[in-house]
Amino acid sequence: MAGDGIGVSLQAIARAGRTRELRATERVGRCRVRVHGREALSFASCDYLGLARHPRLAAAAAREAHAAGTSSGAARLLAGHDPAVEALEHELASTFQQPAALVFSSGYMANVGVATALAERGDLILSDGLSHASTVDACRLSRAEVRVLPHSDVEALRHELRDASSYRRVLVLVEGLYSMDGDMAPLEAMAEAARQAGAMLIIDDAHGLGTVGPEGRGAAAACGVSEEVAIQVGNLGKALGSFGAFVLTDERTRELLVQTSRSFIFTCSLPPPVVAAAREALAVLADEPERGVRLRRNAVLLRELLAEGGLEAPHGESPIVPVLVGADARAVTLAERLLARGFLVPAIRPPTVPEGGSRLRLSVTAEHTEDECRSVVTALLEELR
Ligand code: PMP
């Protein structure tokens, strides 16, 4: 008789060496965490600008919790359309210099909501091979024809677009700043190719909006193509120190998402304290531009130090730096050794990254000091030797 098979599934994961562990990780101070009772300096956070612990965000969230409560209690199209959410959307559109914004309850839901609202059977999606899992799932849910392109390969994109005229709608899905590799998509050439073919270029810039480009306006702004992109998806839970996500687009596309995007319609809107923290983050971004400057300085420094140590770390301002180590077990062992030395640098294994691409992933923030950047690189180089 068939059992539930759960033990068999778990054993298969264990045999493949792919068991993941939920480790209690307390945040205990600026860039510091406690893992299994051991304190460590974290290079594992997407709180790139250090806003998640900013007193102004904490105060705004607390004020709003007392004033409006801790839950929105309803979906946006029912009773959850608090004027504060609408204000946040106007402020996001203004900060990132786009016509309109629509807030989603998470980045995962934004990616699913965008692709499924815009593509259906008979449409074509061209998706980058290193797209985030949420985009992979969005493609599956859309029922469109999906072709996965080699990572950032503009020639392959042009080739696919040449034969795409018979489709009703063609979406090109890429990331701005890739979450596991930290590289930026060649957006100028991609925007040009999409424009010529009448395709919609959609950029998940969860890691780029707030961190790179002029005034942190993201990868599209950095590449000078903000005007040509159909949609940018940003995240409120990474550089902006809160939770949730947003879509930047034109008014008509925003309206279509409101009408048809199921992950927008059928879910509760963000809790008031989360909205208040996100709004305050945008205000802090404007008042404290030095945070972005510090982040970019640290990213450049970390990359320089790794390159001086003989590792491949292309020069640039991206705060995500992968150190490829190949075998899964080696990545895990290195991460454990670094933790024992007081540094939290996560090991990333398949299926998060392609087979053979296991790595340590360093993410640097505005809050790290120069000495801290130097100390993690020294420890890493010693462990790699
Ligand atoms: N897209 C990318 C590129 C991401 O890295 C992430 C988060 N890891 C998401 C989407 C999902 O965002 P969220 O955590 O808000 O669901």
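**Group meeting: a tour of the predicted model**

His 36 sits in the loop between strand 2 and strand 3. Helices (H or I, at least four residues) and strands (E, at least two) are DSSP runs, numbered from the N terminus. This is a predicted model, where local features need pLDDT of at least 70, side-chain atom pairs count only at pLDDT 80 or more, and totals for chains, interfaces and linings use all residues. Residues are numbered from 1 along each chain as its sequence is written, and side-chain values use heavy atoms, with hydrogens and water left out.

Back to His 36. Its phi is positive, about 50 degrees, although His 36 is not a glycine. Most residues other than glycine have a negative phi. Is His 36 buried or exposed? His 36 counts as exposed, at 54% relative accessibility. The cut-offs: buried is under 20% relative accessible area, exposed is over 50%, and partly exposed lies in between (1.4 Å probe, protein chains only).

Now Cys 31. Cys 31 is in the loop between strand 1 and strand 2 (32-35). Phi of Cys 31 is also positive, near 60 degrees, in a residue other than glycine. Cys 31 is buried, with a relative accessible area of 14%.

An open sheet of 4 strands runs in the order 1-2-3-12, with mixed pairing. Strand 1 (25-29) and strand 12 (343-344) are the edges; each has a single partner strand, so one side of each has no neighbour in the sheet. Two strands pair if DSSP finds at least two bridges between them. Strand 3 (residues 38-42) pairs with strand 12 in the parallel sense, over 2 bridges. Ser 42 has Leu 344 in strand 12 as its bridge partner.

On to helix packing. Helix 12 and helix 14 (residues 370-384) pack at about 30 degrees, axes 10 Å apart. Axes are lines fitted to C-alpha atoms, for helices over the stretch in contact, and angles run from 0 to 180 degrees between N-to-C directions. Angles under 35 degrees count as roughly parallel, over 145 as roughly antiparallel, 65 to 115 as roughly perpendicular, and the rest as oblique. Residues of helix 12 that meet helix 14 include Asn 298, Leu 301 and Leu 305. On the helix 14 side, Cys 373, Val 377 and Leu 380 are among them.

A second pair: helix 4 (residues 107-118) and helix 5 (residues 133-142). They pack at about 30 degrees, with axes 8 Å apart. That makes helix 4 roughly parallel to helix 5.

Arg 291 lies in helix 12 (residues 290-308). Arg 291 counts as buried, at 12% relative accessibility. What does the side chain of Arg 291 reach at 2.8 Å? The backbone oxygen of Leu 49. Beyond four places in sequence, Arg 291 is in contact (heavy atoms within 4.5 Å) with residues including His 54, Val 284 and Glu 367.

Then Met 184. Met 184 is in the loop between strand 7 (170-175) and helix 7 (187-197). At 32% relative accessibility, Met 184 counts as partly exposed. Leaving aside neighbours within four places in sequence, its contacts include Leu 177, Val 212 and Cys 223.

Last, a peptide bond. Pro 350 and Pro 351 are joined by a cis peptide bond, with omega about 10 degrees. Most peptide bonds are trans. Pro 351 is in the loop between strand 13 (347-348) and strand 14 (358-363).

Methods:
Polar contact = N/O pair within 3.5 Å; in protein donor to acceptor, adjacent residues only side chain to side chain.
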